[in-house]
Amino acid sequence: MVDPLTQTAAATVGAMHRDGWGGTDICHTLYVATPHQETGGMSIILTGRENDYPPGILTVDIDSPGMLGFH
């Protein structure tokens, strides 16, 4: 699922990309996963590469017990 971006969010993602946080896809993911006023919450990134994300980003390993039927 891809979350749509507002104009402010798109500018933030562009700045993250310019500052070297990764490609626009990674920056979009990072933006959505950080708490911000427009959503009032924080998303979780389900990934096989938890260590690739900066501190403050909530990630869960895709192979964690209970995830995707893995026990």
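Visitor: What percentage of the 71 residues of the protein count as buried?
Guide: This is a predicted model, where local features need pLDDT of at least 70, side-chain atom pairs count only at pLDDT 80 or more, and totals for chains, interfaces and linings use all residues. Residues are numbered from 1 along each chain as its sequence is written, and side-chain values use heavy atoms, leaving out hydrogens and water. Buried means under 20% relative accessible area, exposed over 50%, partly exposed in between (1.4 Å probe, protein chains only). Of the 71 residues, the buried share is 23%.

Visitor: In what order do the elements of the protein run from the N terminus?
Guide: Helices (H or I, at least four residues) and strands (E, at least two) are DSSP runs, numbered from the N terminus. The protein has two helices and two strands. Their order is α-α-β-β.

Visitor: At roughly what angle do the axes of α1 and α2 cross?
Guide: Axes are lines fitted to C-alpha atoms, for helices over the stretch in contact, and angles run from 0 to 180 degrees between N-to-C directions. Helix α1 spans residues 7–18 and helix α2 residues 24–33. Their axes come within 9 Å. They cross at roughly 125°.

Visitor: Which word describes how α1 lies to α2?
Guide: The axes cross at roughly 125°. Angles under 35 degrees count as roughly parallel, over 145 as roughly antiparallel, 65 to 115 as roughly perpendicular and the rest as oblique. So α1 to α2 is oblique.

Visitor: Is Cys27 buried or exposed?
Guide: Cys27 sits in helix α2. Cys27 touches Val13, Met16, His17, Trp21 and Gly22, leaving aside residues up to four places away in sequence. Its relative accessible area is 0%, so Cys27 is buried.

Visitor: How far apart in space are Cys27 and Met16, C-alpha to C-alpha?
Guide: In sequence, Cys27 and Met16 are eleven residues apart. In space, C-alpha to C-alpha, the distance is 6.1 Å.

Visitor: What do the buried residues of α2 pack against?
Guide: Buried in α2 are Cys27, His28, Leu30, Tyr31, Val32 and Ala33. The buried residues of α2 pack against α1 and β1 (45–47).

Conventions: Contact means heavy atoms within 4.5 Å.
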